[in-house]
Amino acid sequence: LTVERTLVLVKPDGVRRGLSGEVLRRIEAKGYTLAAVELVQATPELLERHYAEHVDKPFFRALVDFMLSGPTLAVVAEGNRVIEGFRSLAGATDPTTAAPGTIRGDLGRAWDGPVMQNIVHGSDSPESASREIGLWFPAL
Ligand code: DAT
Ligand code: MG
C-alpha cells in the first residue's frame with residue numbers, strides 16, 4: 001500500500017459553475033478521503049509559487065488572472081496512489097481531448113479566453129504534492 005496525499009484545486013471556473021460538490025463526490029466515490037478542504041481567495045504571491053514551473057510560459061499572466069478571478073476550493077485528498085489516481089480522474093489538460101468519464105472530459109470547456117479553464121488542478125508527483133500542500137495549507 002502506498003498511502004499518499006495530493007493537492008486538488010477546484011479552480012475558480014469550477015467553483016463559479018457550482019461543480020465543487022461534484023468534484024468532491026468523484027474523489028470520495030473513488031474511495032479517497034478528504035484530509036482538508038478550504039475555500040481560498042488566492043493571491044499573486046501564492047500563484048507564482050504554485051505555478052513556479054510555468055512563470056516563463058506565454059500563458060502565465062492569463063493563468064494567474066484567471067486563478068485570481070474568484071475563490072478556489074483547496075482540497076487535500078488521501079489514499080492509495082492518490083497522486084496518480086486523481087490525475088487519472090481529472091483527465092488530460094485540454095478539456096477538448098480529455099476522455100469522457102474524466103472530470104475535464106465530462107465537465108470542462110475548451111477555451112474560455114486565453115487560458116484553459118479546466119476545472120481542477122492535481123499535483124503531478126510526490127514532490128509537487130508536498131510542496132503544494134505546504135503552500136495552500138501551511139498549518140498541515
Ligand atoms: P495540468 O494542470 O494538467 O498539470 P499544466 O501543469 O501543463 O497542466 O498547466 C497548468 C495549467 O495552465 C493548466 O491546467 C491550464 C493552463 N495551461 C496549460 N497549458 C496551456 C496553454 N498552452 N495555453 C493556455 N493555458 C494553458
Ligand atoms: Mg501541472
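Two residues are taken to be in contact if their C-beta atoms, placed from the backbone, lie within 7 Å. Please also keep in mind that this is a predicted model.

Setting aside neighbours within four places in sequence, V120 is in contact with V8, L9, V10, K11, G14, V23, A90 and I103. V120 also belongs to the largest nonpolar core, which has 24 residues. V120 is listed there among the residues with the most contacts inside the core, together with V8, L9, V10, A77, F86 and I103. The elements that give two or more residues to this core are strands β1 (3-10) and β3 (72-80), along with helices α2 (20-29), α5 (82-90), α6 (103-107) and α7 (126-136). Another core, of 5 residues, lies apart from it and includes A42, L47, F66 and M67.

I turn now to H121, which lies in strand β4, residues 120-122. Is H121 buried or exposed? H121 has 23 other C-beta atoms within 10 Å, and is therefore buried. Not counting residues up to four places away in sequence, H121 touches V8, L9 and K11. In UniProt, an unreviewed entry lists H121 under "active site".

Finally, the ligand. Which residues are around ligand 1? They are H54, F59, L63, T93, V115, M116, N118, H121 and D124. By class, this shell has 4 nonpolar, 4 polar and 1 charged residues.

Notes:
Residues numbered from 1 in each chain as written. Chains lettered and ligands numbered in written order. Predicted model: local features only at pLDDT ≥ 70, side-chain atom pairs only at ≥ 80, totals over all residues. UniProt positions renumbered as here; feature names shortened; annotations may be inferred. Helix = DSSP H or I, 4+ residues; strand = E, 2+ residues; numbered from the N terminus. Buried ≥ 20, exposed ≤ 12 C-beta atoms within 10 Å, placed from the backbone. Core = buried A, V, L, I, M, F, W, Y, C linked by C-beta atoms within 7 Å. Near = placed C-beta within 6 Å. Nonpolar A, V, L, I, M, F, W, Y, C, P; charged D, E, K, R; others polar.
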